[in-house]
Amino acid sequence: MRALVGPVALRRVRLEPGRTALLVAGVALGVAVFVAVRALNQTAVATLGKVGQVAAGGAALVVEGGAGGVPLDLLPALRAVEGVAAAAPIVARFAREPVADQAGPDAADAPRVLVLGLDLLDPAAREVAAGRDVGVSLDPAALLLPRPALVAAPFARRRGLAPRQPFELFAREGRASFVVAGVFEPRGPAAEVTGGDLVVLPLGLALEAFGPEGRADRVAVSLADGADADGVAAGLRAVVAAAPGGAGLRVDAPGAGALQPGALLGTMQLGLTIASLLALVVGQFLIYNAMSIAVVRRRPELGVLRAVGASRAHLALLLLAEALAFGAVGSALGLGLGALLADAALGLVNAQVTQLYAMLDARRATLDASTVALGLLAGPLATVLASVPPVVSALTVSPVEAARKDPPRGRADRAVRALAAVGAAALLGSAGWYVASAGQSIPEGALLLVGVAGGAALLAPWAASRAVTLLRPLLARLGPTGALAADALLVRPGRAGVTVAALMVALGGVLAISGLVRSLERAVTTWVAQVLVADIYCAASNPLGSQGNTLLDAEQVQAALLEVEGVASAYPIRFVFEEATTRARGGDERRGQALVMAFDLAFLGDHSRIPVTASVDGGLKGAIARILERPADRVAISSNLARARGIGVGDRVTLRTPEGPWSPEVVLCVVDYSSEHGCVYVDLPEYRRRWSDPRANAFDLFVRPGADPAAVAADLRRRLGGRYDLFVTENAAFRRQVLVVVEGAFTVTYAMQVIAIGVALLGVVTTLLATALERTRELGVLRAVGATRGQVRRTIVTEAALLGALAGAFAAGLGAAMGLALVTRIVSGQYGWDLEYVYPWGQALWGGALATALAALAGALPAERAARLEVVRALEGE
Amino acid sequence: MARVPPAVRLRQVTKVYAHSRVEVHALRGVDLDVEPGEMVAITGPSGSGKSTLLHVAGALDLPTAGELAVLGEDLRALSDDRLAAFRRRRLGFVFQFFNLLPTLSACENAALPLLLDGRGRREALARGAALLERVGLGDRLDHRPDELSGGQQQRVALARALAGDPALLLADEPTGNLDSEAGARVLDLLDEARRAQGLTVVLVTHDPGVAARADRVVRLKDGRVDQVTRPAQPGDAP
Ligand SMILES: Nc1ncnc2c1ncn2[C@@H]1O[C@H](COP(=O)(O)OP(=O)(O)O)[C@@H](O)[C@H]1O
Ligand SMILES: [Mg+2]
């Protein structure tokens, strides 16, 4: 039996290199998208997690205080707990480097450096923090230099820095200068986070430069020999609970307890999940198609083998072994391609995560063992699974029947109809679920989308053959090539249908995401006009307020802004993700991140027309006045938070603060698209007091009456841009950039789906090559009775274009259904945004036209092969 | 009186197939003239080059060497598109296995050369229908090939061969796959068309009965003309 695998299965590879290449390419591309998406997701999550782990590698326990950090005053008490060997305070911040032309186009892309503040003078603390993670070895004398910094070797090399040389970074008071006190080789998570762009400062210097003073981000605790971690943790918790200002702290093993970084990456993960699901579905179609063609082409051979005594099991093994081999080769290629793809897309993911969730500067996409394993398994699994139906259908027929070249037509028709019935049922079921449910979680939503896409895919072959039947008379009027193209598709409704289905799903996915983006854009455009009312926006290190901003000293920078001619007022804004716990009316308690937005809330009432969805007294100003009356006990929240968490005016939201849980009452709900996780608006003085944080992400500026905002902005740029790494944006440009961010949130998803479309187009090539091969004799007859090469070519290209056009037309409908579910159930259910669905007409039309054109192009190769057939040989069959 | 040029004129035509490692000499210097209106039967053992000769004469394949003129045209000088047009307008083919397009109706099959020639669909189909009427299939216009018997399919193929009003009809064992009755019917129709249109016919056959209907029988052997005979014609003196 094994002796047959070589000659029967693998020799085909040599005989049909084109088909083999297409199949392997299809597997590879599908696996590549899957692997890239997973790698990007994991790299983002892992890198975010590593920032939290940096310099705590030797610790058994970590004391952390969320966004507010851990007061340094607590250290003596922590160190006094029995079983604690050392307690090391740690600060980890990202800082940008000044570039030569701070106002120039490169400024936005200037590199970022991870700055660690460690207690370098305490040997025990140094041991915990610096020992095996950071890899610092230290000459204490070097610390006697003014503003000393230990720099990682890659950073020193890139900047050309030698010991005792000065260098600058942007900090909370603008440019800050440091002196190289030593160079070290970085190790561990710290080295991975920024690829070696790492600077270690003494703790005091780090806090002075980046703030807030007196608070570390976390404290790493190591245990004395023989101490029991649980016992020590209990002791630490007791100390922390008793200490003033300790109520907000948690004691846990490193990485435990805190909300997982993955929970933060909301819509990004949604988009990536959709992209990888679709890639798998599309890839599966292509593989199914290629394998069923392979099996059909081999029917006579199988008949002969059966006739000479091979059992069905033998033949099944033979065919599946071949599928497995292709799958394995495709998977291996896909893994490499996926790694390249992930690296190529990493910059986009960094920008997106930094903009929306948390500072991220991953330099390399990493494939972890599970991704490699899944990627390697995906190809063989998909090929074997996809091969089962054609193999079974080929083997359940008698040897005599198998020896006939074509499977009987009726069976294909019946199968197509049966699948259509299942597909229609799936679509109906999905529609029912859609109507019955008000909103859906991500897993439910994914299931709904799969139901819609899968149902449509099963229905597609039948619909395609109906459509072609209806179109045939029209095509026949265009000439015999049109009729023959239609016939070629009708003869194999299954194969043509699978190709249409794959292209439809790929294109439908793009249209679904486009619909979401259009819907968000429309909502955000309206909202931005009501909410973004300042004349000028300023933020450090990034043109928009984002999680990647360098935090500035609010009072100092506000004063500097007000000094500039023409500036009437400047409002600092601070926003930070913090843990928020809510209890819905039904009693459902939810814990998750929310964006705490702190600014002068009077500003909201005085200047903006932000839409109100609920208010204690029905209006915006009244509710804001109520908050300002008692800011320690009242807040406003965004309506998406209210909706997602099932809370409203009169309920309380519990925020984690350094002082312990704070549970103000919600008196106002307003529409806000700043974060899918929802916002809590806190009056700025209240925030500063509770979080001990005097810094700001951004400033809203108003100019004096009569002053020209453009001139004022130019002046601000010139005078403060280089000093604070400040990006100054006028109102109109700012609004535009907000929309760019909306679109940008799905760039990676689009990119992955474009690949899925590419995979589907490969399917078009495979299909046409196969049909052309099977119709060799017919093509020969055509030529014999006088068809020109051009006419043969046109037949095949028309066939291809027809596949593309049908896919485009069906995708317009599928995209609408998926987009509607995405916008009005998943996004609304998961993120609480009440969006009106906007159908992406432009993309649907373009997509359909492009699919037709690209499919026609994909038909060029098979068409050329068909046109080049030698008439006499073609007439003889093969 | 000026001599009418022959419909088919082959001089020292050779055909060598060199696709694989071995060269196959399918034709080894064939001389043949077929006069306008004549019906020539080609016979010979299997593999002797009959089909090759027909393909060469029918502009489906080009000879390796030798002179070749069909209906006054030097086929070797024509481009591929011109050859296609030549087949469409001047030649008709009938094959042993009918070779109808399975997805087209009988009428569309019959009209195919005209459709390919860019004639109006209505005109082409009307002519197809008329031809099918002529071969006795006027009631089968919308049937697909798999709904027709072998003999009926071959009559559709004959209609298709006649659609372009050809001057030369080439047939490769047209009755080889038919029972004798159906075969006779096809041959009668062929005769009828010959008489009506002054058609020249070159026909490959194994069947001595079929060959007997020809004006001349050319016997091939190993790619050479082995023997030329004239069957006794009904009008010949006993
Ligand atoms: N396309 C081809 N390639 C190689 N050899 C061929 C080809 N077609 C025919 N032959 C060979 O040429 C010879 C003549 O074939 P053919 O004209 O088909 O014979 P006939 O029709 O008399 O049986 C045979 O030996 C055949 O094997
Ligand atoms: Mg032959």
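A residue is called buried when its relative accessible area is under 20%. The views below come from a predicted model.

**View 1. A:Leu552 sits in strand 13 of chain A.** Strand 13 covers residues 552–553. The relative accessible area of A:Leu552 is 0%, so this residue is buried. What does A:Leu552 touch, leaving out residues up to four places away in sequence? Its partners include A:Ala171, A:Arg172, A:Ala540 and A:Val557. Among the others are A:Pro694, A:Arg695, A:Ala696 and A:Phe699. A:Tyr724 and A:Leu726 are also touched. A:Gly248 is 304 residues from A:Leu552 along the chain. The C-alpha atoms of these two residues are separated by 24 Å.

**View 2. A:Arg172 lies in a loop of chain A.** The loop runs between strand 6 (166–171) and strand 7 (174–184). Is A:Arg172 buried or exposed? It counts as buried, because its relative accessibility is 5%. Neighbours within four places in sequence are set aside for its contacts. The contacts include A:Leu207, A:Glu208, A:Ala209, A:Phe210, A:Gly211 and A:Glu213. A:Leu551, A:Leu552, A:Asp553, A:Val557 and A:Pro694 are also among them.

**View 3. Helix 18 of chain A has a buried side and exposed residues on the face turned away from it.** The helix spans residues 554–563. Its buried residues are A:Ala554, A:Val557, A:Ala560 and A:Leu561. An α-helix has 3.6 residues a turn, so residues three or four places apart point the same way. Which exposed residues does the face turned away from the buried side carry? They are A:Glu555 and A:Glu563.

**View 4. B:Arg160 is buried yet has no salt bridge.** This arginine lies in helix 5 (residues 150–163) of chain B. Where is the nearest side chain of opposite charge? It belongs to A:Glu778, 9.6 Å away. Leaving aside neighbours within four places in sequence, B:Arg160 is in contact with A:Val781 and A:Val785, among others. Its contacts in chain B include B:Phe95, B:Phe98, B:Asn99 and B:Leu100. B:Asn109, B:Ala110 and B:Pro113 are in contact too.

**View 5. Three leucines make a nonpolar surface patch.** They are A:Leu850, A:Leu854 and A:Leu857. The patch is about 280 Å². A:Leu857 is found in helix 28 (residues 841–858) of chain A. A:Leu857 counts as exposed because its relative accessibility is 61%.

Terms used. Residues are numbered from 1 along each chain as its sequence is written. Chains are lettered from A and ligands numbered from 1 in the order in which they are written. This is a predicted model: local features need pLDDT of at least 70, side-chain atom pairs count only at pLDDT 80 or more; totals for chains, interfaces and linings use all residues. Side-chain values use heavy atoms; hydrogens and water are left out. Buried means under 20% relative accessible area, exposed over 50%, partly exposed in between (1.4 Å probe, protein chains only). Helices (H or I, at least four residues) and strands (E, at least two) are DSSP runs, numbered from the N terminus. Patches are made of residues with over 30% relative accessible area and no salt bridge: like charges are joined within 9 Å, nonpolar side chains (Val, Leu, Ile, Met, Phe, Trp, Tyr) within 5 Å. Accessible areas come from the Shrake-Rupley method with a 1.4 Å probe; for residues, only the protein chains shown count as cover. A salt bridge is a side-chain nitrogen of Lys or Arg within 4 Å of a carboxyl oxygen of Asp or Glu. Lys and Arg count as positive and Asp and Glu as negative; His and the chain ends are not counted. Contact means heavy atoms within 4.5 Å.
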